[in-house]
Amino acid sequence: MKIRSAEFVKGIKGTDAILQDGIPEIAFVGRSNVGKSSVINAVVNRTELVKVGKKPGKTTEINFFSLNGGECYLVDLPGYGYARLGPEERESIQKLILWYLPGYPPLHLVFYVLVLPPPRPCLSTRNSGKRNKSETWLAKECRGVGFPG
């Protein structure tokens, strides 16, 4: 798809008519401050469509951006795992993400945005297989989620 236009539509924190309009959704999920907003800006070739915060944890809603006048939505989800949020706020964001991700017909694709460490000349297994708590709950909750093809 050639992207001719992109615009912010709305942010939601729960059920909304936008979820039922039948327009395909492409969601971006990842830790706070990983660069989800920057990735969306790069995809649409714009620098300021999605606001990029200087401090992580600022996105608290599910934000919808319309491409080409409604061909599809790019969906910017709040980041998870930001340590400076209080336990109630962190749990609220986790619940919001898990409420949205299991999907329904409009959700066609989910991109998990992550930052990989630079490659090392020598591989080490010292930390292999370990995840932090936030990544563990996301992986556990998203297992078995199917998306329409």
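How much space lies in the largest pocket? About 460 Å³, in a model that is predicted, where local features need pLDDT of at least 70, side-chain atom pairs count only at pLDDT 80 or more, and totals for chains, interfaces and linings use all residues. Residues are numbered from 1 along each chain as its sequence is written, and side-chain values use heavy atoms, with hydrogens and water left out.

Let us stay with the pocket for a moment. A pocket here is an open set of points on a 1 Å grid over the protein atoms alone, where a 1.4 Å probe fits, with protein on both sides within 12 Å along at least five of seven lines; lining residues have an atom within 4 Å of a point. Of the 25 residues lining the largest pocket, S37, K51, V52, G53 and T59 are the closest to its centre. Two elements, α1 (36–43) and β3 (62–67), each give two or more residues to this lining, and α1 gives the most, with three. (Helices are DSSP runs of H or I with at least four residues, strands runs of E with at least two.)

Next come the salt bridges, of which the whole structure has three. The term means a side-chain nitrogen of Lys or Arg within 4 Å of a carboxyl oxygen of Asp or Glu. Side chains of opposite charge can pair when their charged atoms come close. One of the bridges joins R4 and E71, at 3.1 Å from N to O. This pair links distant parts of the chain: R4 sits in the segment before β1 (6–12), and E71 lies 67 residues away in the loop between β3 and β4 (72–76). R4 is exposed because its relative accessible area is 60%, where exposed means over 50%, buried under 20% and partly exposed in between (1.4 Å probe, protein chains only). E71, at 37%, is partly exposed.

Another bridge stays within a single helix. K95 pairs with E91, their closest N and O atoms being 3.1 Å apart, and both residues lie in α2, four residues apart, about one turn of the helix. K95 counts as exposed at 53%, while E91 is partly exposed at 41%. D16 and K10 form a salt bridge too, with 3.0 Å between the closest N and O atoms.

Where in the structure is I97 found? This residue also belongs to helix α2 (residues 87–100), and I97 is buried, since its relative accessible area is 0%. The C-alpha atoms of I97 and P78 are 7.3 Å apart, although 19 residues separate the two along the chain.

Methods:
Grid points are joined across faces, edges and corners, and a volume is the space filled by probe spheres set on the points.
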